[in-house]
Amino acid sequence: MVRNGSYQGVQGGTFATGISAESAGALALCLHQLVMAAGSRGRPHLHEGHESAIFVQSGQVEVWHGPDLTEHVTLHVGDYLHIPANTPHLPVNTGDQDMVCMVARTDPREQEGVRLLDLPAWLATRVGLLTVGRG
């Protein structure tokens, strides 16, 4: 069992210490709660060789994804999103309340498979002024 604790993800946001290789000896999965503050964004990134699943518990989040982050979806409470391995993505919370979601990945190491990417110039004009999130 794991209780308490949190850390700042290199990709932005505050992650509650959940199930991972570090916290529970997991071999093939990682499960955490993520909080993104209202008016914040993450950093563009991908998870090398690992897929992710997201379930939104409160608030909402826009996710820019795909090559050059040209695809876009807005997730609301109760929505799920699958992010295939090696897919660039960027979460953005333009709402007026914090967004809370559960994140599951096939990477048991909390941050090992995260690879940061550059924010495309075209998207920087739209979200570049938002603060990189700290829950």
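**Aromatic pairs and a sheet**

This predicted model holds three aromatic pairs.

Me: What makes the pair of tyrosine 7 and phenylalanine 15 stacked?
Reply: The angle between their planes is 10°, and planes under 30 degrees apart count as stacked.

Me: Why is the pair of phenylalanine 55 and tyrosine 80 called tilted?
Reply: Well, their planes are 45° apart. Stacked needs under 30 degrees and edge-to-face needs over 60, so an angle in between gets called tilted. Centre to centre, these two rings are 4.7 Å apart.

Me: What parts does that pair tie together?
Reply: Phenylalanine 55 lies in strand S6 (residues 52-58) and tyrosine 80 in strand S9 (residues 80-83), so the pair links parts 25 residues apart in sequence.

Me: Is tyrosine 80 buried or exposed, and why?
Reply: Tyrosine 80 comes out at 65% relative accessibility; exposed means over 50%, so exposed it is. Phenylalanine 55, at 27%, counts as partly exposed.

Me: What makes S9 an edge strand?
Reply: The open sheet runs S1-S2-S3-S11-S6-S9, with antiparallel pairing. S9 pairs on one side only, and so does the other edge strand, S1 (6-8).

Me: How do you know that S6 and strand S11 pair?
Reply: There are six bridges between S6 and S11 (residues 99-105), and pairing takes at least two, so they pass. Their pairing is antiparallel, and alanine 53 stands opposite alanine 104 in S11.

Methods
Residues are numbered from 1 along each chain as its sequence is written. This is a predicted model: local features need pLDDT of at least 70, side-chain atom pairs count only at pLDDT 80 or more; totals for chains, interfaces and linings use all residues. Side-chain values use heavy atoms; hydrogens and water are left out. Rings of Phe, Tyr and Trp (its six-membered ring) pair if their centres lie within 6.5 Å; planes under 30 degrees apart count as stacked, over 60 as edge-to-face and the rest as tilted. Helices (H or I, at least four residues) and strands (E, at least two) are DSSP runs, numbered from the N terminus. Buried means under 20% relative accessible area, exposed over 50%, partly exposed in between (1.4 Å probe, protein chains only).
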